[in-house]
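Please look over the sequence and the model below.

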Amino acid sequence: MSRCRVFTYITLLVLLQQPACPAVEEFRAAWVATVWNIDWPSKPALSTARQQQELRAIFDEAKDIGLNTIIFQVRPAGDTFYKSAYEPWSGFLTGAMGRAPKPFYDPLEFAIKEAHKRGLKLHAWINPFRAKSGSYSFTSNHIIRKRPEWVKRSGKKLWMEPGIPEARTYVLKVTRDLVKRYDIDGIHIDDYFYPYPPSNLKPKRQIFDDSKSWNTYRKSGGKLSRNDWRRDNINQFVENFYKTVKRAKPHVLVGISPFGIWRPGVPPSIKASLDAYEHLCADSRFWLQMGWCDYFSPQLYWSIHPPDQSFTTLLHWWNDQNVKGVKLWPGIASDRVGPKRSPDEIIRQIKLTRAVLKHPGHIHWSFSPLKENRRGLSKKLKTSVYYR
């Protein structure tokens, strides 16, 4: 039996003896995705009353299950679910980009009020550089129209180029505006920095065309390789994102949720077809070790047992990298509960976080399987690990 598997079995025996963790001591969150109407609203262009009804139902269910935080996506792709002087309303909200809700309300403001009324925290989730999701016609105040020179194509996707300093500054301006105007408890970014390579591209490689800004960098005397330069662009952004939020409101938590494997082969038993360090130019371990966030949520969407992508192995490895004592609250794949994954897998993973982490916590991807009580998942959460 391999050392990794022996370690996993021993850990499981320990965690199965653990009592429930009080809600006040544990971060229990779920992502509520608005892009493609994954979690909310159920479809575009619902009435204001229906949208609000659905959002209240999400918060009611979250409270009933035992969650204490909602991570609410408010900026999917240069469009918003809040009133912004810089960017248009999202088509996923009203059916047409730039169209405000009618009768008017501000979904983020409404979400904050309803969450706080139930004792839930609300973190605003933004996608920094993605510029297109969906087929909605772009308005004149969308970044694609305002600054087309900042936007590049990657397959069927459009992306703001992180290698352009002015583009990074623009995202920070939007972030500062959001943080200062809304009573959010946290702000959250995921792993959409440089785009994912197309899934059918073998071997995987970054096909993003940033030649112009790359050549400008080289002509100015830059010595980094192209991918090192890209990583440095993101490193600068992550550091400045953290500083921007803290200058605006020091109490607002900053969260980052990167791909769950830093690099294939690290630690040695881990295998993956995607190398986030190379393909996404994301040196997520570096951000954690620099302490450029208040909580760090690697997307550990795999099962406990397979050694090549073991939840247990990755949780321990990330915990070992956490030299600054950042809150480590991994993402868990509740949406994969189904014929091949039992709800008990999610329960065991939550117990593992309690056995391993100094400050336990986790985030469910995403809210929909909890709302559906998929294979009894929500009931199991309430009766086994979230009971008070």
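The largest nonpolar core has 103 residues. Phe 72, Leu 108, Met 160 and Ile 184 have the most contacts inside this core. Keep in mind that this is a predicted model.

Take Met 160 as an example. Which residues is Met 160 in contact with, leaving aside its neighbours within four places in sequence? The list includes Pro 128, Phe 129 and Ala 131. Ile 143, Trp 150 and Val 151 are also among them.

A second core is separate and has 12 residues. Among them are Phe 27, Ala 33, Tyr 301 and Ala 333.

**A pair of helices**

Now turn to helix 11, residues 311-321, and helix 12, residues 343-356. Their axes come within 11 Å. They cross at roughly 30°. Angles under 35 degrees count as roughly parallel, and helix 11 and helix 12 are therefore roughly parallel to each other. The crossing of helix 11 past helix 12 is right-handed.

Which residues make the contact? Helix 11 supplies Phe 311, Thr 312, Leu 315, His 316 and Asn 319. Helix 12 supplies Gln 349, Leu 352, Thr 353 and Val 356. By class, this contact has four nonpolar and five polar residues. It has no charged residues.

| Peptide bond | Form | Omega |
|---|---|---|
| Lys 102 to Pro 103 | cis | near -5° |
| Trp 365 to Ser 366 | cis | about -15° |

Where do these bonds sit in the chain? Pro 103 is in the loop between helix 3 (91-94) and helix 4 (107-117). Ser 366 is in the loop between strand 11 (361-364) and helix 13 (367-372).

Next come two residues with a positive phi. Ala 45 has a phi of about 65°, although it is not a glycine. Ala 45 lies in the loop that runs between strand 1 (27-32) and helix 2 (48-65).

Cys 281 is not a glycine either, yet its phi is positive, at about 55°. The loop between helix 9 (276-279) and helix 10 (284-290) holds Cys 281. Is Cys 281 buried or exposed? Its relative accessibility is 1%. Buried means under 20%, so Cys 281 counts as buried.

Definitions and conventions: Residues are numbered from 1 along each chain as its sequence is written. This is a predicted model: local features need pLDDT of at least 70, side-chain atom pairs count only at pLDDT 80 or more; totals for chains, interfaces and linings use all residues. Side-chain values use heavy atoms; hydrogens and water are left out. Axes are lines fitted to C-alpha atoms, for helices over the stretch in contact, and angles run from 0 to 180 degrees between N-to-C directions. Helices (H or I, at least four residues) and strands (E, at least two) are DSSP runs, numbered from the N terminus. Angles under 35 degrees count as roughly parallel, over 145 as roughly antiparallel, 65 to 115 as roughly perpendicular and the rest as oblique. A crossing is left-handed if the near helix is turned anticlockwise from the far one by less than a right angle, and right-handed if clockwise. Contact means heavy atoms within 4.5 Å. Ala, Val, Leu, Ile, Met, Phe, Trp, Tyr, Cys and Pro count as nonpolar, Asp, Glu, Lys and Arg as charged, and the others, Gly among them, as polar. A nonpolar core is a set of buried Ala, Val, Leu, Ile, Met, Phe, Trp, Tyr and Cys residues joined through side-chain atoms within 4.5 Å. Buried means under 20% relative accessible area, exposed over 50%, partly exposed in between (1.4 Å probe, protein chains only).
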